[in-house]
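Me: I should like to learn how to read a model of this kind, feature by feature. Please give the general idea each time, and then the case at hand.

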Amino acid sequence: MFYGVGNTHLQMIRSLFPKLRIVARDNVIRVLGDEEQMASFEESVETMRQHLLHFNSLNEEDILDIIKGRKTKQKAPDGVIVYSMAGRPIQARSENQQRLVDTYKTNDMVFAVGPAGTGKTYLSIALAVKALKEKTAKKIILSRPAVEAGEKLGFLPGDMKEKIDPYLQPLYDALEDMLPQVKLQDMMEKHIIQIAPLAFMRGRTLSDAVVILDEAQNTTPAQIRMFLTRMGWNTKMIITGDMTQIDLPHSQKSGLIEALHILSNVKGIGVVNLTGKDIVRHKLVTKIVNAYEAYDKEKQEQKKES
């Protein structure tokens, strides 16, 4: 992305620094030539790098403005958390989504509860990526309970990673929308970003990190208690869940329901309830959620009458 399609950005930079010999290979740029231009080149490249890191985009107009010492036209609107790989600003799009962002700022642990499509997971990961970029956290740790729905893990093909990855795919998808593929892969190899099923959290102390537990409605009381007590110094935790999509056996109580009841009055823990009004997917998703909520309500009333 820095070099541009077909190295167009690199060619433009070379033309703007005619007294320099610029050789680029992979992520390394070597420069020879006039000392004054070399100093200017180094400063300009660092500004371009910071611009790309912040906005996830860099065009020829930006390059020209930076090298000429002008401010780039692109300015972050108020409320932007991070930018997507397409350069789209990621920010709260409803009142309750903004409440989630604000609650995260003032609490070390946040529960975000609501139906599918309300942006719980996506916004949480955006907040984590922002913390990593701003160096307020050293790691992002993402987890989900691997609840078996229909197929047993043991009978799925592949090694353990291949068996578990389908459960974690929504987390990969969100990260890929916010970080370049090469950078994301590098961060995962260096364990700066860690994605693991909930069972892998046991025995760990999670410090200097933003830790997200997704689909927490599918945890048992013992599992969520284990997870919440992994919290270390300088760590923020976000726990997301949808009470209408509990996949646990009917005899098993959801750990999220129990945790919300036990921790509701603990200082430093924030709870944000999102509703159908916060759904930001296709408009049909809102109608589907509303229809199912009406159906569930009707069933409950029938049970009371019987």
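Me: What share of the 306 residues of the chain counts as buried?
Reply: Buried means under 20% relative accessible area, exposed over 50%, and partly exposed in between, with a 1.4 Å probe and protein chains only. Of the 306 residues here, 44% count as buried. This is a predicted model, in which local features need pLDDT of at least 70 and side-chain atom pairs count only at pLDDT 80 or more, while totals for chains, interfaces and linings use all residues. Residues are numbered from 1 along each chain as its sequence is written, and side-chain values use heavy atoms, with hydrogens and water left out.

Me: What is the mean pLDDT of the chain, and which elements have the lowest and the highest values?
Reply: pLDDT is the predictor's confidence in each residue, from 0 to 100. The chain has a mean of 84, and 90% of its residues reach 70 or more. Among the elements, α6 has the lowest mean pLDDT (76), and strand β5 (residues 109–113) has the highest (97). Over residues 148–153 the pLDDT stays under 50. Where pLDDT is low, the predicted coordinates should not be read in detail.

Me: How many helices and strands does the chain have?
Reply: Helices (H or I, at least four residues) and strands (E, at least two) are DSSP runs, numbered from the N terminus. The chain has 10 helices and 10 strands. Its C-alpha atoms fill a box of roughly 85 × 40 × 40 Å, taken along the principal axes.

Me: Where is Ser84 found, and which residues does Ser84 touch?
Reply: Contact means heavy atoms within 4.5 Å. Ser84 is found in the loop between β3 (80–83) and β4. Not counting residues up to four places away in sequence, Ser84 touches Phe55, Asn56, Ile90 and Asp177. Ser84 is buried, because its relative accessible area is 1%.

Me: Is Asn96 buried or exposed?
Reply: Asn96 has a relative accessible area of 13% and is therefore buried. The place of Asn96 is in helix α4 (residues 95–106). Leaving aside neighbours within four places in sequence, Asn96 is in contact with Val272, Asn273, Leu274, Thr275 and Asp278. For the chain, residues 24 or more positions apart account for 66% of the contacts with a separation of 6 or more.

Me: What volume does the largest pocket have, and which elements contribute to its lining?
Reply: On a 1 Å grid over the protein atoms alone, a pocket is an open set of points where a 1.4 Å probe fits, with protein on both sides within 12 Å along at least five of seven lines; lining residues have an atom within 4 Å of a point. Grid points are joined across faces, edges and corners, and a volume is the space filled by probe spheres set on the points. The largest pocket has a volume of about 790 Å³. Of its 20 lining residues, Phe2, Asn27, Arg49, Leu52 and Lys183 are the closest to its centre. The elements that give two or more residues to this lining are α2 (35–55) and α7 (181–189), and α2 provides the largest share, six residues.

Me: Which residues lie nearest the centre of the second largest pocket?
Reply: They are Gly119, Lys120, Thr121, Tyr122 and Arg281, out of 27 lining residues. The volume of the second largest pocket is about 600 Å³. The largest share of its lining, four residues, comes from α5.
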